[in-house]
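Here are a few notes to go with your first look at this one. Have the model open while you read.

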Amino acid sequence: MRGEVLHYDEGQGFGFITGADGNRYTFTREDLRRQTAVPKGAAVEFQPGGGQARDVFTIEAAGPAAGASPAPAQANPAPAAVASPAQHFGRAAEPAEPTDLWSYFWGGLTRNYFNFAGRARRKEYWGYCLFWTIALLVIVGIGVFTDAEIGNFDNAEVPAMTVGLFGLFLLATFLPSLGMIVRRLHDLGLTGWLCLLILIPTFGSLIILVFALIPTQGHENQWGPVPAGVRL
């Protein structure tokens with residue numbers, strides 16, 4: 001895939017690239033193929049995978065062949081065609097900012113299902129949480145209705161459909177939900193390992209809730225630039 005280098009810290013050997021697909025990818029010094037440093041804004045080719053760019057190398061512009069003589073100038077040259085703007089893989093090439101909260105939820109379940117890199121703005125986090133809660137209520141409602149029709153509640157049996165659907169939903173959304181928390185922490189300039197605070201009963205979830213309410217860090221950090229659409 002082709003992309004553009006947004007940042008590279010040669011001292012730490014860490015950087016990130018915006019790909020032609022509009023997603024951001026991290027890379028390290030070990031992922032560089034030809035050199036030990038790449039300048040900001042350099043066009044590169046790389047192999048994407050799981051939010052990581054591997055086998056990264058710069059794209060060198062092809063120059064004129066050695067020894068070739070320049071073509072003779074025409075007596076009446078035709079008007080030059082208007083050059084098409086060069087393809088850019090930075091912020092201008094990113095997908096448009098979603099106009100509704102549903103886009104954040106659907107994006108979290110699709111392209112960001114296993115994404116623990118980059119940053120997630122406050123609106124993205126709460127948009128995901130809103131529709132996650134709505135989806136959970138719908139799933140549980142279907143389970144309760146099905147159990148009532150089967151008669152599990154009348155016979156004092158375990159509501160198998162409700163418990164089963166609830167468990168499957170939590171299992172299916174565990175990774176994207178965890179990734180959303182990690183990216184929200186990155187957006188505040190914090191390490192994603194703080195997500196382990198949710199393992200602390202009651203207080204851990206409250207701490208994560210407080211982090212989720214903090215506004216976006218208004219400058220570029222090691223996990224990426226300020227997310228698109230944030231007003232500084």
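The points below cover confidence, a helix pair and an aromatic pair.

1. First, keep in mind that this is a predicted model. The average pLDDT for the protein is 78, and 79% of the residues score at least 70.

2. Go carefully with two stretches.

3. Now find helix α2 (residues 122–150) and helix α3 (residues 160–172). They pack with their axes 7 Å apart, at an angle of about 155°. Angles over 145 degrees count as roughly antiparallel, so α2 is roughly antiparallel to α3. The crossing of α2 past α3 is right-handed.

4. What meets what between these two helices? On the α2 side you'll find W132, A135, L136, I139, V140, I142, G143, V144, T146, D147 and I150. Facing them from α3 are A160, M161, T162, L165, F166, F169 and L170. Sorted by type, the residues of this contact come out as 14 nonpolar, three polar and one charged.

5. Last, the rings. There are ten aromatic pairs in the structure, and one of them is Y8 with F27. Their ring centres lie 5.4 Å apart and their planes are at 10°, so this pair counts as stacked.

Note on methods:
Residues are numbered from 1 along each chain as its sequence is written. This is a predicted model: local features need pLDDT of at least 70, side-chain atom pairs count only at pLDDT 80 or more; totals for chains, interfaces and linings use all residues. Side-chain values use heavy atoms; hydrogens and water are left out. Axes are lines fitted to C-alpha atoms, for helices over the stretch in contact, and angles run from 0 to 180 degrees between N-to-C directions. Helices (H or I, at least four residues) and strands (E, at least two) are DSSP runs, numbered from the N terminus. Angles under 35 degrees count as roughly parallel, over 145 as roughly antiparallel, 65 to 115 as roughly perpendicular and the rest as oblique. A crossing is left-handed if the near helix is turned anticlockwise from the far one by less than a right angle, and right-handed if clockwise. Contact means heavy atoms within 4.5 Å. Ala, Val, Leu, Ile, Met, Phe, Trp, Tyr, Cys and Pro count as nonpolar, Asp, Glu, Lys and Arg as charged, and the others, Gly among them, as polar. pLDDT is the predictor's confidence in each residue, from 0 to 100. Rings of Phe, Tyr and Trp (its six-membered ring) pair if their centres lie within 6.5 Å; planes under 30 degrees apart count as stacked, over 60 as edge-to-face and the rest as tilted.
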